Every structure is written in C-alpha cells, then in structure tokens.
Amino acid sequence: MSWGRAAIVAAALAGSLPAGAVEVTVSASLVTQFGDSQVDQPAGSLIFRGGIALVSQDDTFGGLSSLTMTGPDQQALFVSDRGNFVSGRLAYDDAGRLFGFIGTRVEPIRNSKGDVLPRQYARDAESVDTIYRDGVAVAVRVGFEHLTRVADFTLTDALPGGPAREVTIPDWLSDLRTNETLESLCVAPAASPIAGSTLLLAEEALDADGNHRGWLLGQNDKGPIGYQDSPVVSPTDCAFLPNGDLLVLERGVSMLNFVMNLRLVPAAEVRPGNVMAGELLLSATGGTIDNMESLAVHTAPDGELRILIGSDNNFNDWQRTLLLEFAFPD
C-alpha cells in the first residue's frame, strides 16, 4: 500500500466543550492504492478516489464502528465501540481529494437520564445515521450491540448531544445480548419507496432459511425484512443512496485476513416481507483493507457523489483506522 504524508492538527471548535468532551489531534496519511487500483482507477464496479489512514496519540480516539454526515462543510460523525461520539470535518484539497479529518471532538454518549453510559456492556455503539426533517439534519439514530437497543440524539450545529431518546424495536432483537446483533442501521431518504423508515439488520441472527433477520421501523413501512447470507461475510453497515437504492457493507475473516464486500440492493427490493439480495459492487481482502465497518454516502466539495468506507481498529496497535472513498463511474 502506498502512503502519502499529511499531518492534520485538530482545530479548536468555537465555544466551550460539554462536560466529558475532549478535542483530540488526529494525523492523516494518504492512501493512494486499493488492491491493484491507483487513485481514479476502476475498483470493482466503482472508481477509487483515494483515502486516509488516521492516527491519534489520544487513547479516546479509535474503535470507529459507523459513520454518518451531520451537516454542511463535510461535517462527519462516527460512533465508537466504547460509547463515544467522534465528530469532525472531512478535509479536501483543491483537486477534491480527501486528505484529513479536522476539528476532531470525542464526547461520551449518554443514556436517557443524561448520564454517561455506566459500563462497557451498554456502550457498544455499532451503527448511526442522520434523521432529516424538511431537508435539515435534526438528530442521529444510533444502534447498540450487547445491550441491544436504538436511541436518538438531538443535533445542534451538526453535533450530537443530550440524553438518549429510546426507540422501540421488536422483542426478538432487543432480547439478543451478544456482540453479533444490531450492526447495521440506516434511514431511507425521501426518494425511497419506504421514505423515513429505518432499516435494521442483524449480523448473526438468522431466520429458518439462513438469511439475516432485519426489521423496518416506519409508519407505513414496518415489519420483518431479510438479507441473503453470503459465505464468510456478514452485514456490518448500510447506507441509502439519494435515489433510494441501498448499499450494504459486508465484513468477515478468512485465512486470518479481513474480507470486505459492498453490495447494492435496488430501492424496490427494500420492503417489508422481502429477502434482499444485493449485486456485488466491490470486494477486497488482505492488506489493502482492515476491519471495514463504516459506510456512508455524501457529496464531495466538487459535487460528486462519494461512498466512504471506514475501518474499526478495535483500539489495537496492529490494526488501522482507514477511511477509503469511492465513486460511481460516469
């Protein structure tokens, strides 16, 4: 893997920080190759647009499990395995290349009483997406493993905070109490046939036919949904495209190497009672990737629709925090 150099110093955010929040310095090294693909070359059915590897000396930074965009100027938000919100801005150069993550802030996620989550069993945040009203980002919705649940948090100036507002999920899902439960959560956009509904996908909870169990939370579009199982990998995050098509990121381990797939499910297939089977867009294994868990879709400063795929280093020195970017061919 080829690495460029870029050192990014965290910018101070305006105003005082909430209790428990800290600003951290994050350095970024450029990633200019994905498998056999250089920047701007085809990778599977997509185009590789480059990426970054993130490092911080602050031990609160890491374990990034899911990613969403929360505001203008490329404001982004991760959730982490240790129950933190990690916010900042994606930095781009004049050529439209991602080169850093700046203004980074780490803040504890809080429970419904406004208190910091009391123990690790309750802190394992694995999925996040943004809720919009009239085109404005107003909250983020977070999915947790171990103590399996879903909760909303208010956005203020693109930053989440305050007490959790618990969201009702089906008993079969909340009764699961492992680290292989709710890995994927995404909110359908306005163009989707199920606009406003939230898709939940379980990592290892399978139905009688061996498909991953899921659920749609919505007013008119509510009920069970399935996702076809694939060898080695399981769904680990999801994101809707603006037209309502669904992207699903799959992750697994084979022969001691991480494996990653990205699949596309047509919008019409995302409906209650259906078993979704996605078209493979991208696949990778070995040193070109790591423990890929995060997936988000956004518009880059040059106006191009981009797909962001990130890795969770599990706070291990031998793993990396990667953020790779792809686009659809013209």
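The model is predicted: local features need pLDDT of at least 70, side-chain atom pairs count only at pLDDT 80 or more, and totals for chains, interfaces and linings use all residues. Residues are numbered from 1 along each chain as its sequence is written, and side-chain values use heavy atoms, with hydrogens and water left out. The protein chain has two helices and 26 strands (DSSP runs numbered from the N terminus: H or I of at least four residues for helices, E of at least two for strands). Its radius of gyration is 18 Å, close to the 20 Å that the globule rule gives for 330 residues, so the chain is as compact as a globular protein of that length (taken over C-alpha atoms; the rule is 2.2 Å times the number of residues to the power 0.38).

**Overall form**
- The C-alpha trace spans about 50 × 45 × 40 Å along its principal axes.
- Of the 330 residues, 57% are buried (under 20% relative accessible area, 1.4 Å probe, protein chains only).

**Strand 17 and its neighbours**
- Strand 17 (residues 212-217) is mostly covered, with five of its six residues buried.
- Strand 16 (residues 198-206) runs antiparallel to strand 17 and is joined to it by five bridges (strands pair if DSSP finds at least two bridges between them).
- Leucine 200 has tryptophan 215 in strand 17 as its bridge partner.
- Five residues lie between the strands in the hairpin of strands 16 and 17, where glycine 210 takes a positive phi near 85 degrees.
- Strand 18 (residues 223-227) is also antiparallel to strand 17, with five bridges, and leucine 216 stands opposite glycine 223 in strand 18.
- Strand 17 and strand 18 form a hairpin with five residues between them.

Technical notes. Buried means under 20% relative accessible area, exposed over 50%, partly exposed in between (1.4 Å probe, protein chains only).
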